[in-house]
Amino acid sequence: MALATSINDTAPVCDLLIKDHLITYADLEKISDFSKRSGLSFIKIALTFGYISRKNYEGCLSNAGYVFNDKVREEAVDDEVLEKLDLKFITNFFALPIRIENNRVVTLMADPTDREFINFIYETYGLEPEIILASDLDIVWLSHKLLGESYVKDAVFELMKSDPANSALITFSTGQLIFIFASIALMVVALFFNFSQTSILLNIGISSFFLISILFKLFLALLGSRFELHQAVTRDEVRHVVDDDLPIYTIQLPVYKEDKLIKKLIWNLQSIDYPREKLDIKLLIEEDDSKTLNAVKDLNFPAIFDVVVVPFHMPKTKPKACNYGLYFSRGKYLTIYDAEDIPDTDQLKKVIMLFEKLPENYICIQCALNYFNRNENFLTRMFTLEYSYWFDYMLPGLDTLDIPIPLGGTSNHFKLDKLIELGAWDPFNVTEDADLGLRAYSKGYKVSIVNSTTYEEANNDFFNWIRQRSRWIKGYMQTYLIHMRNPVKLYKRIGLRGFLGFNFFIGATPITFLIYPVLLGIFLAYVVLDFTWIRALFPDWVLFISIFNLIIGNVLMIYVNMMAVFKRRFYELILFSMANPIYWLMHSISAYKGLYQLIVKPFYWEKTNHGLSKTAGTVTQPKTTV
Amino acid sequence: MRRRVLYLFFSSVTLAVFYLVLGINLQHLGYYNHESLFYIEKARIVFEGTGLRLKTIGLTSPMIPFYGVLPFAQLNYLIAPVIASALGTAALFFIISLGVIKTTKDNFLILILLLLFIFHPGFIYMGCSGKGIYATMIFFFLFFYNIFRFYISNTTFHISIASILLVILLFCDYKFIWMTLFFIPLIISIAIQSLNLAEKQSIFRLFLSFNNPSLRRKLMNKTFAMYVIIFILPLIAILCYKLLNQAHANDFNYFSDSPYATWNVLVDKFEKTVSPSVTNYSIPEVSFLTSVRVLVYCPLILLGAYFFRSNTQHFLTLLIPFALVEFLKIHEENSSFLPMQYYLMFIVLAYLALVFRSQVIARRKVYKVIIVLLVIVQVFTGYFFLRDSMIQSENSFVTTFQKTNDTNEPTTFDEYKQMADFINHLPRKSSILIDDVNAYPILAYVKSLKNITLPYQDAFLSAIENPSTYVSYVLLAGDQNSVGGYTQLNFKYKLTMETRNSLTLEKVYESDNWTMYRIRVNGHEFDESLIR
């Protein structure tokens with residue numbers, strides 16, 4: 001419906017909303033005030049800062065005789081009109097001029113009475129607008145699709161241009177390929193000339209490596225456990241935070257086909273203890289993800305988030321979406337949550353408090369991750385054990401030793417300016433978070449951890465778990481390869497401790513998973529099946545060392561898992577630690593899958609399906625004492 | 001702090017030198033013991049032996065004291081155990097002192113500790129004897145230190161470290177595995193204390209938690225989890241070690257039951273031959289009296305118990321070693337007497353209690369006076385315990401100490417030395433068959449193992465069956481030898497060989513318990529050039 005002729009006579013939308021009791025005068029005052037300070041339009045604030053739901057808004061306008069055009073995506077577009085627009089400016093309004101027709105600028109608007117934007121049309125094009133009322137989400141979708149190309153290209157290639165040495169676009173460097181093939185050739189030649197001695201050396205080498213890498217993990221866990229009661233930020237400190245002094249905080253929510261979880265996600269975010277106007281929540285939706293977009297449309301309660309549609313561009317990865325979202329982020333700090341995340345309510349305040357305490361070179365704070373559905377099945381229990389020791393013991397251990405911390409997938413909080421300075425996430429890396437942690441470290445920045453937890457949904461499906469884990473392991477391989485392109489340079493930049501930590505933590509992890517079945521095979525062939533060939537190939541002492549390393553390695557890993565239950569009082573899980581060798585076999589399957597993918601499709605993002613848990617995502621605050 | 005650590009370090013070095021000088025002097029006076037000789041003989045096999053030594057390296061038990069000797073074996077085999085025990089005991093002093101300076105600025109406790117280490121006969125015995133007691137004491141102290149730290153810090157770190165230390169302690173002295181039994185009440189107590197209940201009294205907390213299904217489940221889960229976190233590593237370590245024994249020796253308990261693997265098997269025969277009780281009016285260590293003996297030996301533990309009287313966990317912790325020694329008395333039927341380390345551990349534990357109450361001690365003079373008095377009493381009781389010990393190596397430590405260089409009374413070890421001396425003077429190419437199951441004290445004194453065929457070698461079994469092909473001499477245990485039954489190479493062997501293999505075993509040297517024979521085939525001496 002064209003409304004242009006009656007614009008001046010039309011009552012502002014806000015009056016209609018007040019009339020329908022959807023907002024109050026006090027709300028209107030707040031919105032106007034916020035609008036003046038932020039430059040955001042009335043409708044943007046009303047719809048994205050939790051004043052009114054989209055359903056109610058459309059209902060209100062429909063009752064007043066307005067008709068929404070739900071086919072705006074099919075409207076013709078004039079590039080000359082679009083050339084005069086800046087996407088960042090446009091996104092402050094829910095409006096988009098698309099073409100000139102009959103000497104009028106055909107403009108899509110979610111608020112047909114937005115005087116400021118109408119004036120903008122007059123000023124920019126010197127013509128009157130012809131307004132088509134459209135849903136804000138459709139306008140956002142169209143705006144990003146039509147105007148977002150340059151941003152998305154930057155999101156993909158920015159790091160590659162500014163810091164090509166750290167981009168995962170090239171998986172194996174020439175030097176690495178030469179090294180790998182030369183090693184293989186050398187091994188084959190050695191096997192050819194002296195099969196037995198070479199096999200012995202290989203056997204002892206890999207089994208000792210296995211044990212050493214697990215000993216390193218135990219060492220880290222022990223070190224981390226020493227500070228398990230340390231609270232980087234206390235509740236008392238959080239209580240004394242003055243809301244007015246808080247900066248704008250961006251929360252990025254990259255989602256893809258998470259229609260089932262949208263409602264839960266938004267509810268979870270509503271409970272965050274942070275002033276509403278200082279939250280800048282970006283829901284990053286892929287252009288082709290109509291499922292999620294429709295789920296957002298259908299929300300029947302006011303929500304605090306702003307939708308950003310990420311235009312199509314390969315690779316279709318989470319880091320690319322996050323990078324794109326950065327261009328529209330307003331915060332001083334930024335964090336990322338996954339669709340199913342339930343962060344501790346005071347997390348943002350704790351992070352800010354800690355940033356204030358830490359020296360300037362701390363640019364990222366990682367929160368602990370854990371699971372709300374831990375007792376659902378075997379997998380979720382094992383996953384909980386793993387995450388508990390990882391985030392409660394290993395990362396604090398790394399932190400204590402001042403070794404680069406591989407960031408977790410979500411709940412890592414950044415100083416936005418520093419994140420941009422680092423070149424943000426690498427869209428070609430499938431564990432962009434781990435990579436970013438290392439990149440930050442190598443540039444002299446530090447990462448710390450805070451005593452706050454985000455609860456996620458543990459993967460409860462075997463195949464889904466394998467998919468997710470294969471991506472993680474592939475990402476670790478990618479990250480290792482990138483940073484080891486020039487080992488000497490890396491050593492000089494991060495020092496011996498960082499270098500060893502990086503090799504044992506990032507490099508050794510996939511390797512241990514890859515060699516685990518080999519050691520297990522030797523164990524089975526020797527001890528269980530008692531094959532004669534294995535005794536003929538390896539002397540007893542070699543088999544002894546190999547099996548000793550395997551058994552002790554497994555025992556220590558079980559022990560590290562057992563330690564995990566203590567901080568969070570998950571005592572009922574302690575026996576499940578014994579199943580760690582089986583869990584490791586699953587890791588090995590994923591590692592081989594990851595290795596295969598690293599070679600054939602390195603940037604392929606194995607999507608993890610969320611929302612499979614039948615457990616409601618409610619969390620009781622754990623006590624953090626033994 | 002750094003300065004104090006430096007002082008401590010130099011005190012420890014001085015202490016090590018003190019023990020070393022005393023220990024070497026004692027050796028000159030003829031003091032030896034079977035434990036150190038056993039380590040020496042095994043170390044010689046490791047460094048001088050030819051053939052498959054993996055079993056000796058991996059299965060010699062107790063492992064840690066044995067490994068403690070190895071680094072010094074190349075310097076001098078006979079002194080190596082003394083060096084190890086001297087350094088180990090000095091290290092124990094250093095470790096305990098570090099614990100003290102972390103808790104208080106008052107040097108009183110350090111001084112007392114130094115006096116104990118210098119004057120207490122038990123500690124001197126630990127430092128000079130060449131035995132592995134120092135290793136047991138170090139890890140015993142560290143284990144309990146971390147348990148007490150856990151009570152204070154409440155972190156998984158200390159409990160996990162305690163668990164790892166317990167693993168090492170077990171490889172110092174396997175008998176400490178029984179301690180796991182007596183931790184059950186303690187862990188239940190810890191679990192009850194940690195429950196979130198308004199009730200303060202332990203007994204009522206227990207009552208409440210047992211009568212509420214949710215609390216009961218929590219209590220059980222936590223108790224089990226704590227028990228597992230402390231004991232899973234030691235238990236699995238022992239299980240793995242047993243599997244290793246099974247794989248390499250076809251016996252799960254080879255490390256604890258075989259005289260080839262440990263000196264403990266024969267030590268009763270060697271050292272505890274003094275018959276107790278009625279005939280010589282000695283106080284027998286009957287069960288209940290063991291605890292009383294401990295209190296007499298270490299009255300300081302009473303002060304420790306007094307300090308911990310208001311804390312159930314701390315108090316129960318102090319009781320655990322009492323339960324252990326009582327249990328060992330019941331369980332170890334063949335063992336009439338508890339060796340010195342089971343008494344010494346109470347001094348270490350009592351001292352640990354003082355460390356954790358050092359602030360209180362620093363403030364009250366009366367405690368300092370009591371401690372000084374108790375330490376003086378302990379030094380005397382320590383002397384009397386050692387002097388009157390029914391264990392030969394302990395008893396002879398005191399008697400050797402009292403000897404002067406002029407007195408030249410023969411010791412039991414002279415026989416071994418003389419036999420070794422004879423072996424050393426055999427013609428250079430002479431090869432000898434010896435079973436080190438009981439002859440290890442002799443082998444500890446020989447100059448070289450080069451021409452000696454021992455059980456760890458593949459040729460040993462063949463040499464036993466057909467000695468004339470492999471060796472020119474054979475050492476047999478005499479019929480008076482109390483441990484002659486443990487080897488095939490005893491007096492019966494001579495008869496068998498002479499009947500079956502038409503050999504003649506010609507006696508070339510004889511002592512009370514050992515006889516060296518030269519092998520003659522059809523009246524001819526063995527031709528050395530035929531040795532395989």
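How many residues of chain B are in contact with chain A, and how many of chain A with chain B? Here's a set of close-ups to answer that and to show some other spots in this predicted model.

**Close-up 1. Where chain B meets chain A.** To pick up the opening question, 18 residues of chain B are in contact with 19 residues of chain A. Two helices of chain B, H9 (156-170) and H13 (213-249), each bring at least two residues to the side that touches chain A. H13(B) gives the most to that side, with ten residues. Sort the residues on this side of chain B by class and you get eleven nonpolar, six polar and one charged.

**Close-up 2. Domain 1 and domain 2 of chain B.** Chain B is split into domain 1, covering 2-402, and domain 2, covering 412-530. Their C-alpha centres sit 39 Å apart. Where the two domains touch, 23 residues of domain 1 of chain B are in contact with 19 residues of domain 2 of chain B. On the domain 1 side, the elements giving two or more residues are three helices of chain B: H2 (34-48), H3 (54-59) and H15 (264-271). Which of them gives the most? That's H2(B), with eight residues. By class, the domain 1 side of this contact comes out as eleven nonpolar, six polar and six charged residues.

**Close-up 3. Helices H23 and H24 of chain B crossing.** Here H23 (residues 412-424) and H24 (residues 436-445) of chain B have axes that come within 8 Å and cross at roughly 60 degrees. The pair therefore counts as oblique. As for handedness, H23(B) passes H24(B) in a right-handed crossing. If you want to find the contact yourself, look on H23(B) for B:Phe413, B:Tyr416, B:Lys417, B:Met419 and B:Ala420. Their counterparts on H24(B) are B:Pro441, B:Ile442 and B:Tyr445. This contact has seven nonpolar residues, no polar ones and one charged residue.

**Close-up 4. An open sheet in chain A with a helix across it.** Three strands of chain A make an open sheet in the order E1-E2-E3, with mixed pairing. E1 (95-101) and E3 (128-133) of chain A are the edge strands, each with a single partner strand, so one side of each has no neighbour in the sheet. Ignoring direction, neighbouring strands of this sheet are turned by 30 degrees against each other on average. Strand E2 (residues 104-109) of chain A pairs with E3(A) in the parallel sense over six bridges. For one place to look, A:Leu108 stands opposite A:Ile132 in E3(A). Then there's helix H8 (residues 136-147) of chain A, which lies across E1 and E2 of chain A and runs at about 70 degrees to E1(A).

**Close-up 5. Strand E10 of chain A and its partners E7 and E9.** E7 (residues 333-336) of chain A and E10 (residues 412-415) of chain A run antiparallel and are joined by three bridges. E9 (residues 362-371) of chain A also pairs with E10(A) in the antiparallel sense, over three bridges. Which residue of E10(A) is the bridge partner of A:Leu334? It's A:Phe414.

Methods. Residues are numbered from 1 along each chain as its sequence is written. Chains are lettered from A and ligands numbered from 1 in the order in which they are written. This is a predicted model: local features need pLDDT of at least 70, side-chain atom pairs count only at pLDDT 80 or more; totals for chains, interfaces and linings use all residues. Two residues are in contact if their C-beta atoms, placed from the backbone, lie within 7 Å. Helices (H or I, at least four residues) and strands (E, at least two) are DSSP runs, numbered from the N terminus. Ala, Val, Leu, Ile, Met, Phe, Trp, Tyr, Cys and Pro count as nonpolar, Asp, Glu, Lys and Arg as charged, and the others, Gly among them, as polar. Two strands pair if DSSP finds at least two bridges between them. Domain bounds come from an automatic or database domain assignment. Axes are lines fitted to C-alpha atoms, for helices over the stretch in contact, and angles run from 0 to 180 degrees between N-to-C directions. Angles under 35 degrees count as roughly parallel, over 145 as roughly antiparallel, 65 to 115 as roughly perpendicular and the rest as oblique. A crossing is left-handed if the near helix is turned anticlockwise from the far one by less than a right angle, and right-handed if clockwise.
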